[in-house]
Amino acid sequence: MGSLGASGGTDPLPIASVTKVMTAYVILRRHPLRPGDGGPLITVDRTAEDESYVPQESTAPVRAGERVRLRRLLELMMVPSGNNVARLLARWDSGSEERFVERMNAAARRLGMAATTYTGASGNEDSTVSTAADQLKLAKEAMRDPVFREVVSQADTAVPGSGRRLPNTNTLLHKHGVIGIKTGSGTAAGGNLMWASRVRGHLVLGVILGQVANTNPTAAKAAALEAGAKMSAAVERWLTVSAAPLP
């Protein structure tokens, strides 16, 4: 394990939906799944359904009273980035989002993420802040879980009770060896990206934060993905060349 480099400042910044990596990490630590295991059935509450229709947020369509497997809810949170599902999982696990956030911050302390503060499960709050270095610590731990790796590498996922499929917000998937992990964007946060790629047997992790912050979230996410594409392509070229046999 080594570093290929870092650039930019070290002040904590809003991380938007990259927050959901910690939400998934805490859920899977407390409710472990095996590959192929759907996990327990979770009843969707009225709040999660009502929040499906909030236009200012990234959401996933769910209906109150339907029972959905934990694995599918993790997909709906991580693939199309459902804020409402992140908050539903927090309430299911801890009884309230506030109590779950305490668990998120406790996990961050255990991982040595000293510059990180979580204030919500979804990342919708600009008060959730971190650094690239801290998020790399989390990425390393989260990617140890095989179910987490499966979820974040999915190109899409199905809406419960429907044939409709929702695409992954990470359009870098399966290019230059990219196998995940999570995008995030907001006006204050700008564009953020935690990514993982596997090239010639090497797992490479990267974090990009604060791309064109305080502009348009859509443009900011596009900027983060563009930066991630350049970085993952450069890593792929470097590892391919460095692993090539000498003449």
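Q: What makes the contact of R103 with D93 a salt bridge?
A: In this predicted model, the side chains of R103 and D93 come to 3.2 Å, N to O. The cut-off is a Lys or Arg side-chain nitrogen within 4 Å of an Asp or Glu carboxyl oxygen, so the label applies. The pair links distant parts of the chain, with R103 in helix α5 (residues 97-110) and D93 in helix α4 (residues 83-94), 10 residues apart.

Q: Why is D93 called buried?
A: Its relative accessibility is 10%. Buried means under 20%, so D93 counts as buried.

Q: What makes E66 and R63 a salt bridge?
A: Their closest N and O atoms are 3.6 Å apart. The limit is within 4 Å, so the pair qualifies.

Q: Is E66 buried or exposed, and why?
A: E66 has 14% relative accessibility; the threshold for buried is under 20%, so E66 is buried.

Q: How do you know that E49 and R46 form a salt bridge, and where do they lie?
A: The N to O value for these side chains is 2.9 Å, and the criterion is within 4 Å, so the pair counts. Both residues lie in helix α2 (residues 46-51), 3 residues apart, about one turn of the helix.

Q: Why are β7 and β9 called edge strands?
A: The open sheet has the order β7-β8-β9, with antiparallel pairing. β7 (178-186) and β9 (202-211) each pair on one side only.

Q: How do you know that β8 and β9 pair?
A: Pairing needs at least two bridges, and β8 (residues 190-199) and β9 have 8, so they pair.

Notes:
Residues numbered from 1 in each chain as written. Predicted model: local features only at pLDDT ≥ 70, side-chain atom pairs only at ≥ 80, totals over all residues. Heavy atoms only, no water. Helix = DSSP H or I, 4+ residues; strand = E, 2+ residues; numbered from the N terminus. Buried < 20%, exposed > 50% of the residue type's maximum accessible area, 1.4 Å probe, protein only.
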